[in-house]
Amino acid sequence: MNSHLLPLAAVGEVGKSFFHHRTSETLPCQADTSKLFCFDWAKDNIGRYETPTLQHVELVAISVLVGFAIAFALALLAHRRRWLQPPLLAATGVLYTVPSLAFFFLLLPITGLGRDTVVIALAAYTLQIIYRNTMTGLANVSASVRDAARGMGLTDRQILWRVELPLATPEIVAGLRIATVSTVAIATLAVFAGGGGLGQQIYTGGQLTFKTNIIIAGGIAILMAISFDLILLGIQRYATRWRRVAER
Amino acid sequence: MPTPEVTEEVSSTGASAVRYENATKRYGDSAEAAVERLNLEVPAGEVCVLVGPSGCGKTTAMRLVNRTVELSEGDVLIGGESVRKRDPARLRREIGYVIQQVGLFPHRTVAENIGAVPQLLGWKKDRIRARTVELLELIGLDPELGERYPAQLSGGQQQRVGVARALAADPLVMLMDEPFGAIDPISRERLQNEFLRLQAEIRKTVLFVTHDIDEAIKMGDRIAVMRKGGHVAQYATPAELLMAPADEFVEDFVGADRALKRLALMRVSDIDLWEAPLAHVGQATAEVRAKLRDAEVPYPLLVDAERRPLGWLSERDLSAETVPARPDNPLGPLLDRDDVMRDALADLLQGEAQYAAVVDHQGRIAGVLSVEIISEFLASPKAKAEERGAVERPRE
């Protein structure tokens with residue numbers, strides 16, 4: 001099969017199975033297009049969301065981790081070599097502005113259909129936010145703290161890992177939170193690159209009259225975003241206890 | 001009396017002399033050096049204040065010692081050893097470093113901040129803990145504050161912790177860059193006094209940078225007045241600097257009120273006091289009047305059996321047959337022989353009194369001080385000679 005036809009084929013697969021399932025036993029509220037949510041259908045079909053949800057979590061987690069690893073490494077590099085800062089900011093900025101669907105289609109001839117393509121695209125989107133927040137966090141470390149650390153005999157590496165990064169943690173985690181939440185949203189498009197996820201349940205081949213399905217999938221995505229955010233918030237608060245104590 | 005050099009409580013292994021040898025710092029290709037051919041010797045255990053207008057290179061000169069600024073030419077020797085030969089990070093762990101903005105690590109507790117250098121040096125945990133407690137006590141903070149974060153402390157407490165952190169690994173030399181510059185005047189004076197008391201115990205070699213000549217006079221055993229390019233205009237003890245400024249620049253910098261500043265270096269006991277005509281309760285007033293005839297002070301001072309002053313007798317008091325128990329005039333300002341002269345003058349002026357009784361440690365009368373004595377002293381050429389013998393700094 002020709003690779004550039006794959007996304008549509010994938011959507012077709014999703015849609016076919018959905019319609020198949022739907023036509024097998026039509027519930028009363030399902031036929032009534034004025035109803036926003038069909039509880040009977042939801043009760044019967046909740047099980048079909050399990051696999052897409054897990055896939056979605058996996059996509060987000062891997063993409064953000066990969067994005068973080070790259071952005072963090074770039075930030076540390078740019079922290080040492082200041083001349084790298086403008087080009088890196090520009091490069092990550094360009095990646096951030098590419099429309100998601102276009103990104104998938106651009107990657108398909110290279111990486112083919114599947115999770116890798118999705119992870120590459122999603123990770124690319126997180127770079128800008130994580131990179132910029134890390135740089136901001138490092139830049140916000142007060143000059144006097146850095147001066148004192150140096151004067152006390154910490155090496156550059158020790159200053160980075162023991163002083164600058166711990167102090168930049170709030171900004172870094174804030175960047176991770178934004179990146180994660182937006183990745184949960186963008187990952188719903190993964191289905192167009194054959195990456196699975198909750199998008200499978202949302203893009204159902206133009207059947208927009210039946211909304212229950214979309215509401216459930218969207219709701220799961222929102223809950224997932226909130227859960228990720230709360231977990232990261234917890235990490236942030238744990239890593240910056242000193243800040244809250246000081247505010248009392 | 002224990003010797004002032006060593007105390008039993010504070011473990012301190014000593015101090016090293018610091019010597020600048022043609023030390024030069026040039027930034028880039030700039031024609032003018034920030035510090036040019038600086039030669040300066042700071043004896044071990046002394047406080048050397050680098051003072052001068054902003055941009056004179058004093059901070060740069062100080063930073064050459066721990067290599068936070070690298071030498072362009074020349075050398076700096078600590079205890080005879082060139083800093084050039086040392087690994088900068090290792091060198092810095094042996095040198096205490098205190099800066100104006102303190103620079104405590106906000107994400108570390110007070111105890112962790114103080115223990116930072118010992119930790120770098122690989123001390124055992126128990127030893128670091130013991131040292132931290134020792135230092136917190138030394139700077140007058142409750143050891144329980146060790147669990148707090150820096151932001152929970154006042155500015156003055158933070159600066160004390162900054163000093164403790166610099167002292168933690170018992171450095172041979174301390175660098176202090178305007179350490180009390182960002183603190184309100186009242187706390188600053190207290191911190192200065194505390195540091196002087198501390199220094200009297202630990203006797204570190206201290207390079208102290210300030211732009212405030214009053215602070216320099218107060219803190220320094222020696223003062224290097226610097227002008228642009230890190231040139232030393234004069235290097236002298238505070239008293240010498242005030243008595244004999246080397247040139248116009250130093251004279252200007254020291255200020256027109258240097259006569260008053262000299263008073264800050266003296267104590268009441270350093271000056272010849274007047275003798276008070278003393279009177280006791282029940283003494284015949286005729287006897288007191290006879291005393292008054294030759295006295296420098298025109299009023300008799302009533303004292304008790306222990307010669308402790310009670311008050312001044314007025315003309316009306318003396319009109320009676322014997323000296324009354326209650327004098328007409330209150331005692332007014334009462335000074336101690338160890339009071340700093342400047343404070344004594346302030347007391348006199350504030351009490352709107354012409355004369356003030358001076359007492360010794362037991363509270364017995366030692367003499368009388370007047371504004372007249374002070375002004376005569378400052379005007380007389382003899383003051384020079386007197387002051388030579390009286391350069392010991394006031395300590396609280």
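**Close-up views of a predicted model**

View 1. The domain assignment divides chain B into domain 1, residues 18-266, and domain 2, residues 269-388. Taken over C-alpha atoms, the centres of domain 1 and domain 2 of chain B are separated by 42 Å. Where the two touch, domain 1 of chain B contributes 8 residues and domain 2 of chain B contributes 9 residues.

**View 2. The side of domain 1 of chain B that touches domain 2 of chain B.** Two or more residues of this side come from each of α9 (238-243) and α11 (258-264) of chain B. The largest share, 5 residues, belongs to α11(B). By class, this side of domain 1 of chain B holds 7 nonpolar residues, 1 charged residue and no polar ones.

**View 3. The contact between chain A and chain B.** Chain A gives 16 residues to the contact, and chain B gives 20 residues. On the chain A side, α8 (143-152), α9 (156-186) and α12 (241-247) each supply at least two residues. Of these helices, α8(A) provides the largest share, with 7 residues. The chain A side is made up of 10 nonpolar, 4 polar and 2 charged residues.

**View 4. Leu101(A) in helix α6 of chain A.** Helix α6 of chain A, which holds Leu101(A), spans residues 100-111. Leu101(A) counts as partly exposed because 13 other C-beta atoms lie within 10 Å, a number between the limits of 12 or fewer for exposed and 20 or more for buried. Leaving aside residues up to four places away in sequence, Leu101(A) touches Leu189(A) and Phe192(A). Thr188(A) is 87 residues from Leu101(A) along the chain, and their C-alpha atoms are 11 Å apart.

Terms used:
Residues numbered from 1 in each chain as written. Chains lettered and ligands numbered in written order. Predicted model: local features only at pLDDT ≥ 70, side-chain atom pairs only at ≥ 80, totals over all residues. Helix = DSSP H or I, 4+ residues; strand = E, 2+ residues; numbered from the N terminus. Contact = placed C-beta atoms within 7 Å. Nonpolar A, V, L, I, M, F, W, Y, C, P; charged D, E, K, R; others polar. Domains from an automatic or database assignment.
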